[in-house]
Every structure is written in structure tokens, then in C-alpha cells.
Amino acid sequence: MTFLTEFRFRMPDAPRQTLPHHTAQVFVADDLYVAIGVNSGDGLDLPDSVVAGDIYKLDPVGQALRLVLIPARPGQLPAIAEGSSLGRPGDPIRTAARYTFMSSEGDRVELLLLDVAGSLCALPLSPISSRDDYTLLQIDTDPQEVTLADLICVSFARGTTITLATGAQMPIERLAPGDRILTRDHGAQPLRLLGRATLRAQGAFAPVVIPAGTLGNTGDLIVSQHHRMFLYQRQRCTGLATSELLVQARHLVDDETVYLRDGGMVDWFSLIFDRHEIIYAEGIPAESLMVNDATVSRLPAQIAADVKTRFPGLAQVQHFGTEAGRHFLQEIGPDALYQPSRRQKLQGKAGR
């Protein structure tokens, strides 16, 4: 998912804009059905009809639908906006439940069940695939208020230092569109868009903490769970097409070295360039945010046309590299990922 709550965009004499609408991708609830379990064959339903332990699959012919939302005003519910694939503009949107699943790889996936104009829809807070199985673990019948700002593919926490083209280090919150950032493959590149949001650090939005030195990072690196780190293996591992790995931060969590930090609030920042780039955060390579239709649909009309020109096709090509899942990382072990000096320090502490 690629959603931003606020953009700063450099245009001649253009004031800073606040985005009025938010875009999400949802599935009809019946597209997520029970493959094995008590309710075999039934689609995802309200809390009094589902059973923990049932195994769900996403129908491969199910199509993601575009849901454009008007943020809720005090005392009101969010509503459907023009451009949605379902409902009518002005129809209210209610959150019926929050479900927690476990994928076949052991990853936790949270999902909101929405009542959209009388129809039930599933809004994944983590990416889901028709090739995976999802076991229902937890049913929350009274989910905490989920603001539309939470529907965001965030990247780096406040304070993360980003390497500029000059080699200087700059806290991410001090960056501005037009600043030239060092990229791994294309040298100095101007920052085009800067997104930011403040979220409660809970569930799918709890940040991943990669302590200083773990991957060679100079300071603690705090990123969102689905943000991908770029890892280069000098010796290509069996089963990988390349020595360049893209690893979601959540797959690094082992609760010993890398961990989730629940609680409090986090200021998040996302960076967009003309291409999907590998930049340097706390001195180590990590990805920028990719541009897609959801990003552009959220922009004010007066600058959307310019963004379409800057980002042809509205679908940046993912940086070259092999996506490494949790199972593969478990097979090769932490020694293949973490810096030796860091591992030795950790082992030394454990032996005391």
C-alpha cells in the first residue's frame, strides 16, 4: 500500500497544499474466503459469524477496488468521495471489526472489515497475496478509532539521518523538495515529494528498531514494518537469483537483535524521487517510496497533471534485486545478514 497523508511539492509560487481525500484499495469481503475450517467456503463476515483458527485465502480472481474517502470531521464518520469503485459520494464508512491473521510464513497481518454503503469490504493494513494462507488469530469487535492518516506506507522515523549528495548527513525532517540526495545507482538525485504523518505505534504501525551496528548502520534505524532494506551479499546464496536482496524490515524482527517498539506516537517521513531509488539512511541502503495510482489520486488537481508528467505511467519500476522472505532469511541465518562486530558484541553480552 502506498498512501501519504501530507505532501510538500516544489512548484513556482505554489503554496503548500493539504490533501482533501485519501485513497485505499479494498476487496469485497467474500473475496477472502475460508479454505479450511468451520466456515469452509464462506467469505469474511462480521465478528459473530467468524471462527478463530479458520484458514482464509484471497480469491485469485478477486479484484482490488478503489475507495476514495473524505476524512471524518469531528463527530462524523468518514464518507465516500467521487472516484470510488463502490458506493455513492457521501455514503458513510463504518469500521465493523479489526482482524489479526497469521500468514503461512508466520507474519501477522491486520485487516479492517468496513461497512461501505451496506456492503462489507476488507481493507488489509499489510499486503496480502492469493498465493498465501491466512489463519485467523484474533477478533477485535471494538477496534480503536483508525484515522485515515493510518492508511499510509510510511518509511523512516523522525531523526533518521539521510545522506545528501555532498556526503553530509541531514535529519529527514529537515529535508525539502529539491534537496539533492545520494542514491546508490543514479548518484545525486533531487527529492521530488516529501510525505509525513504522525501515527500511534501499535499493531501494524509499530516501528521496527534496527539497533546501531546491526546492519552497519551508524545509529538506531527506525522504519515501518513493510519498508525494505537493501542488503548486498558478497557471496551469492543458494536459491537467490542475485546477490542483491530487498528485505522487509518486519522479516528481520527476531526480538533479540531487531524488535518492534509498541506504544506512543511516531512521526514518519516518506521520500519520493523520479525513480524508485536506493538511498542511504543511517549510512546503510534502503528503498524510497514507489509512486502508483493511489499517490497521484490524492494530489490536488492543479498539481496532479505535473506529477503525471514527472512520473510517466504512475508506476515506477521496482529497484533491481531479489525479494527475500522470512523463510529464506531463517534458512541462511543472522550471521549472513548482521555485521560480525555486532554479532560478537551481542554474543559477548549473552555470555556474561
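Glu 110 is buried, at 12% relative accessibility, where buried means under 20% relative accessible area, exposed over 50% and partly exposed in between, with a 1.4 Å probe and protein chains only. This is a predicted model, in which local features need pLDDT of at least 70 and side-chain atom pairs count only at pLDDT 80 or more, while totals for chains, interfaces and linings use all residues. Residues are numbered from 1 along each chain as its sequence is written, and side-chain values use heavy atoms, with hydrogens and water left out.

The side chain of Glu 110 meets that of Arg 98 in a salt bridge, at 3.0 Å from N to O, the term standing for a side-chain nitrogen of Lys or Arg within 4 Å of a carboxyl oxygen of Asp or Glu. Because Glu 110 belongs to strand S8 (residues 108-116) and Arg 98 to strand S7 (residues 93-103), this pair ties together parts that are 12 residues apart in sequence; strands here are DSSP runs (E, at least two residues), numbered from the N terminus. Arg 98 is also buried, with a relative accessibility of 15%.

By this rule the model has 8 salt bridges. Another of them joins Arg 88 to Asp 91, with 3.9 Å from N to O; here Arg 88 is exposed at 60% relative accessibility, whereas Asp 91 is buried at 15%.

A further salt bridge links Arg 275 and Glu 277, whose closest N and O atoms are 3.7 Å apart. Arg 275 is partly exposed, with a relative accessible area of 39%, while Glu 277 is buried at 0% relative accessibility.

Key
Helices (H or I, at least four residues) and strands (E, at least two) are DSSP runs, numbered from the N terminus.
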